[in-house]
Amino acid sequence: NYVNSTIQQAMRQFSADYLNHINVYTKTAYKDEPAVAAILITNENDVTNHFGNSLLEDKNVDYHSDIYMAEANKFAKANNLSVDKTWRSWEHGPSKLFLNNLEHKFDTDMISYLRTLGVKVPIVTTSTWGGNPLSSLPALTTGDIIDAHAYQGFGALEKNPLFSPNLTHWLAAAQVIGKPMSVTEWSSEPFPTPDRHTLPLYVASQASFQGWDAMMQFAYSQISLRDAGRPSNWDTFNDPSVIATMPVAALMYRRGDLKEANTTYVLNLGNEALFNQNISPENSSFIRTAAELGKLVIAMPAVKELAWLQKSNIPANAKVIKNPNISMIPTDSTEVISDSGELKHNWDKGYMSINTPNTQAIMGWIGGNKFTLADIEVSATTRNATIAVQSMDSKPISQSKNLRITLAARSLPKTEYELPFRSEPVEGQLQIKAPKGLKLFKHLLDQKKEIPVTFKNGQYSVVLDKTLGTYWLSLSE
């Protein structure tokens, strides 16, 4: 689609047919539908890293290769660049300037066409995903929003940011100064990672801390909801590990329970490093460590070969770093506390805590240890688990008369393709400081059942064991 005009015309025709379609129930065209928040032109379709190579002469796509080479030669000569290096899509250097421009040209034309159709919502070009370096970001600024995707294997909380990234570092590296940021895909992979129950709260906490603007998990369901479905990385609705913690994560993020970072760290690579070096969370200790401490943003330079690329306005009082290899935390660190004081990540032991007035949680390898937060105290025996307490009436936990307790641990399906999931119970002891006179309930489908709880010295003692048979409890009147 970046080089073939007939494919571009077909895409425009499809867009017209689709966006002008009148929904028979709402009597509204999709282009005018208020429930549509934004439009994505193509999904995971960058030419700057993943798919530039598919247009080369050795790929047996002669028609497209001829156009690609002609465009590369034209760009090189117009900008006094090496003709031989400009077409070499697998290398950093002049090729990354050319590929960003090629992607930008298509996106500009497509955005203009969509606007002529009457599209008013923000338009996103494609996403940064799958290990993209920072050199893939310039073309994405053509759209109204920068979108990012990231997936996580086992052990997100055990990743030492001094040496290796987890999914939150990849997402953080997509935040460009002056651009809203969305995340339309995040999850665990390969399925089923036993610690995936930690990801909803972990990702949501980082989204709030970093100031990301719109968060979506892929996916709630891709099948009919008329039956139980089957185990899948792409269907959250029937996965106990993820669906248990998703509500508390969503409320925490949407309500703004966590503070945004106090400090903004700017990676300002400049023209030469951005396009001539392969820089990403994989090899940048600054990206990984700065994202643990504060808000990370990426600056765009002024580039004479890309007149359309807007130079970033560096935020006042930001800490500007040009060297991507600098670490912002001591090299012998085993944990870090965010500059807001609300997040603690210990990669040596593999756990994380969230400590805000309205949401308090501990997750990861917590078994056998005692954790004390502002209003809760956790002593779990389940080795890897998530335990969260959240105010449901927006009062601080210590004053709330409506608290939700969320539990989650390992859930594994019978086989790769068969239900049911077998879910490990969360066991241990939970102490909560809250007003006197509350009752403890366990939630089972559409009913709740009162269970015993003790209250002494201003706090409730909740026994967590396998007899609960649920991941959701409430402490309320």
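This is a predicted model: local features need pLDDT of at least 70, side-chain atom pairs count only at pLDDT 80 or more; totals for chains, interfaces and linings use all residues.

Me: What makes the space in the second largest pocket a pocket rather than a cavity?
Reply: About 390 Å³ of space lies in the second largest pocket. A cavity is a set of points from which a 1.4 Å probe cannot get out, whereas a pocket is an open set. This space is called a pocket, therefore it belongs to the open kind.

Me: Why are Ala38, Ile39, Val124, Thr184 and Met216 called lining residues of the second largest pocket?
Reply: They are among the 16 residues that line this pocket, and they are the closest to its centre. A lining residue has an atom within 4 Å of a point of the pocket, so each of these five has such an atom.

Me: Which elements supply at least two residues each to that lining?
Reply: They are β1 (39–40), β4 (146–152) and β5 (181–188). The largest share, three residues, comes from β5.

Me: Why is β1 called a strand?
Reply: A strand needs at least two residues; β1 spans 39–40, so it meets that limit.

Me: How is the lining of the second largest pocket divided by class?
Reply: It has 10 nonpolar, four polar and two charged residues.

Me: What is the volume of the largest pocket, and which residues lie nearest its centre?
Reply: Its volume is about 610 Å³. Of its 26 lining residues, Pro240, Gly469, Thr470, Tyr471 and Trp472 lie nearest the centre.

Conventions. Residues are numbered from 1 along each chain as its sequence is written. Side-chain values use heavy atoms; hydrogens and water are left out. On a 1 Å grid over the protein atoms alone, a cavity is a set of points where a 1.4 Å probe fits but cannot get out, and a pocket is an open set with protein on both sides within 12 Å along at least five of seven lines; lining residues have an atom within 4 Å of a point. Grid points are joined across faces, edges and corners, and a volume is the space filled by probe spheres set on the points. Helices (H or I, at least four residues) and strands (E, at least two) are DSSP runs, numbered from the N terminus. Ala, Val, Leu, Ile, Met, Phe, Trp, Tyr, Cys and Pro count as nonpolar, Asp, Glu, Lys and Arg as charged, and the others, Gly among them, as polar.
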